[in-house]
Amino acid sequence: MTAIAAPTRRPAGWTVVAGRELRDLWAGGRALTLTTVYSLFLSVVVYLLASSTNLNFLEQRESVTLTAQLAIAVGALLAMILAADAISGERERSTLEATLLSPVSRRALVVGKLAAAFSIWVAAWLIVIPYIWFLGRGVDIVWEAIACTFVVGTLLAAGLTAFAMLVSIAVDSNRASLSVSLLVLLALLAPTQLPSSAQSGWAGESLYRLNPVTAGEHYVGKLLTNGHGWTQDLDWLVSPMIAAVALLLLTAVMASSLTLTGWRER
Amino acid sequence: MAAGTVTPGVAPAVEVDAVGKSFGHAPVLADVSFDVQAGQVLGILGPNGAGKTTLIRILTTMYRPSSGRFAVAGVDGRRPREIRRFIGVLPESAGYPRIQTGDEYLTYHARLFGLSREQAKDAARKTLEIVQLGDRAGSLIATYSRGMLQRLGIARVLISEPRVVFLDEPTLGLDPAGRRHVLDTIRRISAEDGRTILLSTHVLADAEEICSRILVLNRGRIAAQGTVVEVSRRFGADRHASLSLPPQQAEAGRALLRSLAGVKQVSAAAGEPGALTVVFDGQTDPDRAIRLVVGSLLDAGIAVRSFELDRARLSDAFLAITQDDAR
């Protein structure tokens, strides 16, 4: 039998895993499909904002804010969907075992997959830039809106992606992983639909501040619609920041307990 | 460490000492001990639910044992990541990413073992040639047949040059040609590369063909272990011999054979004058059986036209072991 060059060496790090995952996501078409749907959704929203007689009562600033907030919510949702599938999906497709049997560390494996899932948020942000430019031209908030969308969206997408990855590590069913992740995102988004009276008062505002999604979206609104400075409402970014850092750290810690069958060994 | 053929001065490639595993309160493996010497091919046999896959998953670090200890390639079981550097594993019903090509799949797995991009590509190309998939290297895995997928899995096992190879049901669901191909590849891995192989299988013919030793698991415990011949003989069912005598001497020969110790039954084959079937008990040594039957007949002046002794069958032994334990 032909001898193969002796394997050396240090097992691969997260970059090898991330590279493979990125190719599978983007060249395999899954991420492209999701971003295409996202682009169509944004196109419809922006078209309505720009042309509908029912919606064009909104000020230009408000249109930009709404578009940025939607891009953040949907972009984070897409990253969450990919992260939720990252481990439990491989369990279901019986492809996880071969990867776990390599000497690459569990943490490197999870971090690589997390980075790949997160890439769709970066794509979502890049896609929303021309829409923001289109809606915001003439009111001088375009660059501010683009930067603000990136900062807040990155914080929320990082936290939500890490959360979905944690669920994916724990459960052996892809459906359960996706359901739990989406349910939590919907629960976090729900307060944005409440009347503004529900957001006032000590309890209402605390709830709004503690919820990283509503807090982040509120910060975007203050910055873009009300024209506040970057540091004026920085306290609203505390919960998105804490959530992102805590969930990323927790994912890194829990990654070492990644097993073939999830939290319940069978 | 427990039983096994010991080569002085050579550490076993796999050492398993009183390993047990429970899921919740349900014991799946209990007190499993054995050694595998470097270069051996150990067949792990057993009925469904016997614990074969659980045992392999423990030894390949996918599960932690509930009790006992083990070492693979000289590395203690408590250092799983290090063990994974030295093993290659083909899991039962392994899945494959359908959107990758065979070449991409192997290159990725080679890189997980620390090979550089160029080294990984080179190793992937060579390994695909070994399993005779070189001409399909650039094809999407989605287009591979089941036999090709199994060979791709074996290529992935080999890509890291493992010292110990674990194969869980490698011929499951393959057609005869696919099965032959996989068995030939396993034989080459063992004979030419000297790798230690642990092979779990339901197909007893596979074990008889390529295993130097077998271990029979039943209900989570070792029910038998040894070479195929040893286990077949020790647990074998009654053995049969067919012989042909001159028709006029058949009745005398039949009477003589019935009187011999170790012979349980002698019957005439229907429609074939002079043809007899002799049933020995399972413990009868084949050399002794031949001497006993042929020698006695010749001594009595009865000509023997032909004599054929069925070899001890692993399938009989397997059934005897697993059914005895079930009772």
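The model is predicted, so local features need pLDDT of at least 70 and side-chain atom pairs count only at pLDDT 80 or more, whereas totals for chains, interfaces and linings use all residues. Residues are numbered from 1 along each chain as its sequence is written, while chains are lettered from A and ligands numbered from 1 in the order in which they are written.

The backbone of Glu161(B) has a phi near 50°, a positive value in a residue other than glycine. Glu161(B) is partly exposed, with 17 other C-beta atoms within 10 Å; with C-beta atoms placed from the backbone, a residue is called buried if 20 or more others lie within 10 Å of its own, exposed if 12 or fewer, and partly exposed in between. A positive phi, of about 75°, is also found at Thr61(B), which is not a glycine. Thr61(B) belongs to the loop of chain B between helix 1 (52-59) and strand 4 (67-72), and Thr61(B) is buried, since 24 other C-beta atoms lie within 10 Å.

Where chain B touches chain A, the contact draws 36 residues from chain B and 29 residues from chain A, two residues being in contact if their C-beta atoms, placed from the backbone, lie within 7 Å. On the side of chain B that touches chain A, the elements that give two or more residues are helix 2 (80-86), helix 3 (102-112), helix 4 (117-130) and helix 6 (176-193) of chain B. Helix 4 of chain B gives the most to that side, with 7 residues. Sorted by class, the side of chain B that touches chain A holds 16 nonpolar, 8 polar and 12 charged residues; here Ala, Val, Leu, Ile, Met, Phe, Trp, Tyr, Cys and Pro count as nonpolar, Asp, Glu, Lys and Arg as charged, and the others, Gly among them, as polar.

Chain A contains 11 helices and 0 strands, and from the N terminus on its elements run α-α-α-α-α-α-α-α-α-α-α. The C-alpha trace of chain A spans about 75 × 40 × 30 Å along its principal axes. Of the 266 residues of chain A, 46% count as buried. Among the contacts in chain A with a separation of 6 or more, 82% are accounted for by residues 24 or more positions apart.

Several helix pairs show how chain A is packed. The axes of helix 1 (residues 14-27) of chain A and helix 6 (residues 106-136) of chain A come within 7 Å and cross at roughly 40°; axes are lines fitted to C-alpha atoms, for helices over the stretch in contact, and angles run from 0 to 180 degrees between N-to-C directions. In helix 1 of chain A, the residues Trp14(A), Val17(A), Ala18(A), Glu21(A), Leu22(A) and Leu25(A) meet Ala108(A), Leu109(A), Val111(A), Gly112(A), Lys113(A), Ala115(A), Ala116(A) and Ser119(A) in helix 6 of chain A. By class, the residues of this contact divide into 10 nonpolar, 2 polar and 2 charged.

Helix 7 (residues 142-170) of chain A packs against helix 8 (residues 174-189) of chain A at an angle of about 145°, and the axes of the two are 9 Å apart. This contact is made by Leu160(A), Phe163(A), Ala164(A), Val167(A) and Ser168(A) from helix 7 of chain A, together with Ser177(A), Val180(A), Ser181(A), Val184(A) and Leu185(A) from helix 8 of chain A. The residues of the contact comprise 7 nonpolar, 3 polar and no charged.

Helix 7 of chain A also packs with helix 10 (residues 212-224) of chain A, at an angle of about 175° and with axes 10 Å apart. In this pair, Glu144(A), Ala145(A), Cys148(A), Val152(A), Leu155(A), Leu156(A) and Gly159(A) of helix 7 of chain A meet Pro212(A), Val213(A), Gly216(A), Tyr219(A), Val220(A), Leu223(A) and Leu224(A) of helix 10 of chain A. The contact has 11 nonpolar, 2 polar and 1 charged residues.

Leu155(A), a residue of helix 7 of chain A, counts as buried because 24 C-beta neighbours lie inside 10 Å. When neighbours within four places in sequence are left aside, Leu155(A) is in contact with Gly216(A), Leu237(A), Pro240(A), Met241(A) and Ala244(A). Leu155(A) and Ser256(A), which are 101 residues apart in sequence, are 24 Å apart in space, C-alpha to C-alpha.

Notes. Helices (H or I, at least four residues) and strands (E, at least two) are DSSP runs, numbered from the N terminus.
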